[in-house]
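These are my notes from going through one chain, entry by entry. I wrote down what I looked up and what I found.

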Amino acid sequence: RGATPLLPRAALRRCRDETAPRTRLLLARVLGEAGALDPRRPCLEERPTRGTAGGEGGSQRRHAAWVVEHAPWRCHPADYQFYLVAEILAGALRSTTDSQHQSKIAFAIQELLKLLDEDAAKGEDGEEAPPQLMQLLVGESTGKKTMHASLTQKLQEAQVLHIVEPFWTSSYKQVDKGKHRDPPFFPKSSSYFFWMSSLCRFLTEKSQHHDSPWRSMFQACRTAVRTPAGLGAAEFLLPFFVLHAACFSDEDLSSPAPGDACRVILDEIHAVLTFRPTTRRSPLDDAEHLRALCSIFALLDALRVWGERDIEERCTSSRGRLAFSPPRRGTWPLDADLAQKMQEFARAVPLSLCAAAAGRAGMHARALRYLEEQVRENMAAEIYDADGGPRGGPPTPTKALAEGAGPPPLPVGPGGSLAALDAEKV
């Protein structure tokens, strides 16, 4: 029932609250006899709140699901900016009591509201509103520009207007002191937050070197990702940082140059997947590493889903055009080259490596899924030609298939069983 059966859920909740050592041992025996549980499957949050700090529990899954369903080329950057303000930063502001952290979150809200208002003031054709309309947006008594009516209505419907409206007229400023830390980040990080914060700060600075509509959003959130309360914003932005680096970089994704954003990201992913805590040598404990591992898995899942859906829609549409309406103003045009880059980046992380990392963390169902995907790719490589079109695109059948012959027989092991395949092939 729900995320886990009723008995393990009740035992886990009691373990969280119980302090008597003997009772905790008895509860551990109950959990052991009930069976193995995926560490990411139980949900102990009874009432997940909107925008909880760190994106834990139900909020983290809800944000990840929204990211997967809203590919960047389908939406305008304003859609992501509004989600950040209404669903993540507003809750993060309420969850922290530290004044410095509140100021950093408030600065991000202030800058995002400016971007949202600028977008709302534009006409449908992407041009600035007429001067007569702009005059109506200026308060007669205060002489200050008021928030656009459509933006005010959206914030009111999201029930966060009373939280973020004071920052429309605030004057927070951020002075970036010093330089970001040099990679690698994960081996030198003492916590999950420190690693995520350092990585996002590095990627924010790298994104400013490319002329894209997304860099303004990254720059606006540069302070929020450096606070524990803004950890949910960092987790939300990570897939977009990676996609931005992959699509706007001129480097070859198969062998990016040292120091390039893609090279740094791939090195960080490899470090997380191959991490093995050792006594008195690792600054991270198992719980912190598990959070980093789950973030990497969510990132790879988002990239694969985005790429597969784009390829599927291109194959089912006429003349290779997208089946949905063209992207609105301000977003990048996704062509076949960019889709191919996205697939190449996802393939740069071996599925066998993901399966091994998931197995060590106790995520056996996920490990099995990665192994099945690896076997499927190995079989597809034998069925289709090596020159069957761009990698990630619709494959071209072999000559035998094109001439009407049936597909070659699937490889089997001794005894004619697929389960007896050679371990090296799997």
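How many helices and how many strands does the chain have? I counted 17 helices and zero strands. The model is a predicted one, and I kept that in mind throughout.

**Entry 1. The chain overall.**
I looked up burial next, and 43% of the 426 residues count as buried. The chain exposes about 23,000 Å², and carbon and sulfur atoms supply 52% of that area. I then checked how far apart in sequence the contacting residues are. Taking contacts between residues at least 6 apart in sequence, 69% join residues at least 24 apart.

**Entry 2. Helix α4.**
I took helix α4, which covers residues 77-95 and has 19 residues. From first C-alpha to last it reaches 26 Å, close to the 27 Å expected at 1.5 Å a residue. Where does α4 bend? I found a bend of about 35° at Leu 89.

I moved on to Thr 97, which sits in the loop between α4 and α5. Is Thr 97 buried or exposed? Its relative accessible area is 79%, so I put Thr 97 down as exposed. I also noted its distance to Ala 229: the two C-alpha atoms are 9.5 Å apart in space, although the residues are 132 apart in sequence.

**Entry 3. Gln 110 in α5.**
Helix α5 spans residues 99-120, and Gln 110 lies in it. I asked why Gln 110 counts as buried. The cut-off for buried is under 20% relative accessible area, and Gln 110 counts as buried because its relative accessibility is 1%. What does the side chain of Gln 110 make a polar contact with? I found the side chain of Ser 170 as the partner, at 2.7 Å. With neighbours within four places in sequence left aside, the residues in contact with Gln 110 are Phe 167, Ser 170, Ser 171 and Tyr 172.

**Entry 4. The loop between α8 and α9.**
I found Pro 166 in the loop between α8 (161-164) and α9 (192-207). Pro 166 is partly exposed, at a relative accessible area of 47%. I checked the peptide bond joining Pro 183 and Pro 184, and it is cis, with omega about 5°.

**Entry 5. Gln 159.**
Gln 159 is in the loop between α7 (149-157) and α8. I noted a positive phi of about 60° here, although Gln 159 is not a glycine. At a relative accessible area of 60%, Gln 159 is exposed.

**Entry 6. Thr 204 in α9.**
I looked at Thr 204, found in helix α9. Thr 204 is buried, with a relative accessible area of 4%. Leaving aside neighbours within four places in sequence, I listed its contacts as Phe 218, Gln 219, Arg 222 and Phe 241.

**Entry 7. Aromatic pairs.**
How many aromatic pairs are there? My count came to 16, with ring centres within 6.5 Å as the rule. I looked at Phe 236 and Phe 240, whose ring centres are 5.5 Å apart and whose planes stand at 55°, so the pair is tilted. These two are four residues apart in helix α11 (residues 231-248), so about one helical turn separates them. Phe 236 is buried at 3% relative accessibility, and Phe 240 is buried at 2%.

I then took Phe 297 and Tyr 370, a tilted pair with 5.6 Å centre to centre and 50° between the planes. This pair links distant parts of the chain: Phe 297 is in helix α13 (residues 286-316) and Tyr 370 in helix α16 (residues 364-383), 73 residues apart. Phe 297 is buried at a relative accessible area of 1%, and Tyr 370 is buried at 0%.

Which residues do ring pairs link into a cluster? I wrote down Trp 66, Tyr 80, Tyr 83, Trp 214, Phe 236, Phe 240 and Trp 306.

How values were computed: Residues numbered from 1 in each chain as written. Predicted model: local features only at pLDDT ≥ 70, side-chain atom pairs only at ≥ 80, totals over all residues. Heavy atoms only, no water. Buried < 20%, exposed > 50% of the residue type's maximum accessible area, 1.4 Å probe, protein only. Polar contact = N/O pair within 3.5 Å; in protein donor to acceptor, adjacent residues only side chain to side chain. Contact = heavy atoms within 4.5 Å. Expected span 1.5 Å × (residues − 1). Bend = angle between axes of the 7 residues up to and from the residue. Areas by Shrake-Rupley, 256 points an atom, 1.4 Å probe, with all protein chains shown as cover. Phe/Tyr/Trp six-rings, centres within 6.5 Å; stacked < 30°, edge-to-face > 60°.
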